[in-house]
Amino acid sequence: MKFITSFVLTAAATVLSLPASAQFAKPEDAVKYRQSALFVMGQHFGRIGAMANGRVPYDAKAAVDNAEVVAEMAKLPWAGFAANTDRLSQKAKSEIWTEQVKFREHNEKLVGESGKLLAAAKTNNLDNLKTAFSATAGTCKGCHDAYRKD
Ligand code: ASC
């Protein structure tokens with residue numbers, strides 16, 4: 001029993017200490033994961049954009065609800081750019097894997113700006129939302145320009 005417990009704990013510790021790249025059962029799952037996270041984030045970011053650009057009426061609660069999803073989703077896609085997925089990428093440029101430090105900086109900028117977007121949404125002020133939306137969109141664009149194929 002003692003042996004089994006110690007075996008299970010060791011196995012659990014091993015799994016937990018694996019790098020993000022090893023968290024997916026197969027490389028295809030990592031690609032699907034990052035694309036899915038980016039897609040969901042884009043949907044919710046787009047809903048905020050519609051308000052910021054006046055395409056739909058400003059709804060303070062909807063802005064907060066969407067910004068919460070964006071701020072949370074912004075943290076997720078990056079683990080999916082695992083080392084063994086370069087060969088599978090269709091839209092992701094190979095520079096992602098050769099410029100890891102710069103790529104991470106872009107990721108972190110988005111996380112930072114989407115946190116500010118949520119804070120702005122909570123002020124219930126459309127001008128604040130517009131300003132934060134455009135700053136956040138700028139980080140999306142910056143990373144796309146550098147690391148996404150057209
Ligand atoms: C969006 C969206 C993006 C960004 C980008 C900003 O609404 O889905 O990927 O804004 O277009 O330039």
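Good morning. I begin with Asn124, which is placed in the loop between H5 and H6. Helices here are DSSP runs of H or I with at least four residues, strands are runs of E with at least two, and both are numbered from the N terminus. Phi of Asn124 is near 60°, a positive value in a residue other than glycine. Most residues other than glycine have a negative phi, and most peptide bonds are trans.

A word on the basis of these values. The model is predicted, so local features need pLDDT of at least 70 and side-chain atom pairs count only at pLDDT 80 or more, while totals for chains, interfaces and linings use all residues. Residues are numbered from 1 along each chain as its sequence is written, and side-chain values use heavy atoms, with hydrogens and water left out.

Now the overall picture. The chain has six helices and zero strands, and its elements run α-α-α-α-α-α from the N terminus on. Of its 150 residues, 33% count as buried; buried means under 20% relative accessible area, exposed means over 50%, and partly exposed lies in between, with a 1.4 Å probe and protein chains only. Among the contacts with a separation of 6 or more, 74% join residues 24 or more positions apart, where contact means heavy atoms within 4.5 Å.

I turn to the helix pairs, starting with H2 and H3. The axes of H2, residues 27-52, and H3, residues 60-73, come within 9 Å and cross at roughly 150°. That makes H2 roughly antiparallel to H3. Axes are lines fitted to C-alpha atoms, for helices over the stretch in contact, and angles run from 0 to 180 degrees between N-to-C directions. Angles under 35 degrees count as roughly parallel, over 145 as roughly antiparallel, 65 to 115 as roughly perpendicular, and the rest as oblique. H2 passes H3 in a left-handed crossing, a term for a near helix turned anticlockwise from the far one by less than a right angle, with clockwise being right-handed.

Which residues in H2 meet H3? They are Ala37, Val40, Met41, His44, Phe45, Arg47, Ile48 and Met51, and their partners in H3 are Ala62, Ala63, Asn66, Ala67, Val69, Val70 and Met73. Ala, Val, Leu, Ile, Met, Phe, Trp, Tyr, Cys and Pro count as nonpolar, Asp, Glu, Lys and Arg as charged, and the others, Gly among them, as polar.

H2 also packs against H6, at an angle of about 130° with the axes 9 Å apart. The two helices are therefore oblique to each other, and their crossing is left-handed. On the H2 side, Phe45, Ile48, Gly49, Met51 and Ala52 take part, and H6 residues including Leu129, Phe133 and Cys140 meet them. By class, this contact has nine nonpolar, two polar and one charged residues.

The next pair is H5 and H6, whose axes come within 8 Å and cross at roughly 165°. H5 is thus roughly antiparallel to H6, and this crossing too is left-handed. Residues of H5 in the contact include Phe103, Leu110 and Leu117, and those of H6 include Leu129, Phe133 and Gly142. The contact of H5 with H6 has 13 nonpolar, six polar and four charged residues.

What does the largest nonpolar core contain? It has 29 residues, and those with the most contacts inside it are Ile48, Phe81, Ile96, Phe103 and Leu117. A nonpolar core is a set of buried Ala, Val, Leu, Ile, Met, Phe, Trp, Tyr and Cys residues joined through side-chain atoms within 4.5 Å. Not counting residues up to four places away in sequence, Ile48 touches Ala63, Asn66, Ala67, Val70, Leu117, Leu129 and Phe133.

Thr85 lies in the loop between H3 and H4 and is buried, with a relative accessible area of 0%. Leaving aside neighbours within four places in sequence, Thr85 is in contact with Pro27, Ala30, Val31, Arg34, Gly80 and Trp97.

Lys61, in helix H3, counts as exposed at 58% relative accessibility. Lys61 and Lys122 are 61 residues apart in sequence and 8.4 Å apart in space, C-alpha to C-alpha.

Gly142, in helix H6, is partly exposed, with a relative accessible area of 27%. Gly142 and Leu110 are 32 residues apart in sequence, and their C-alpha atoms are 9.7 Å apart in space.
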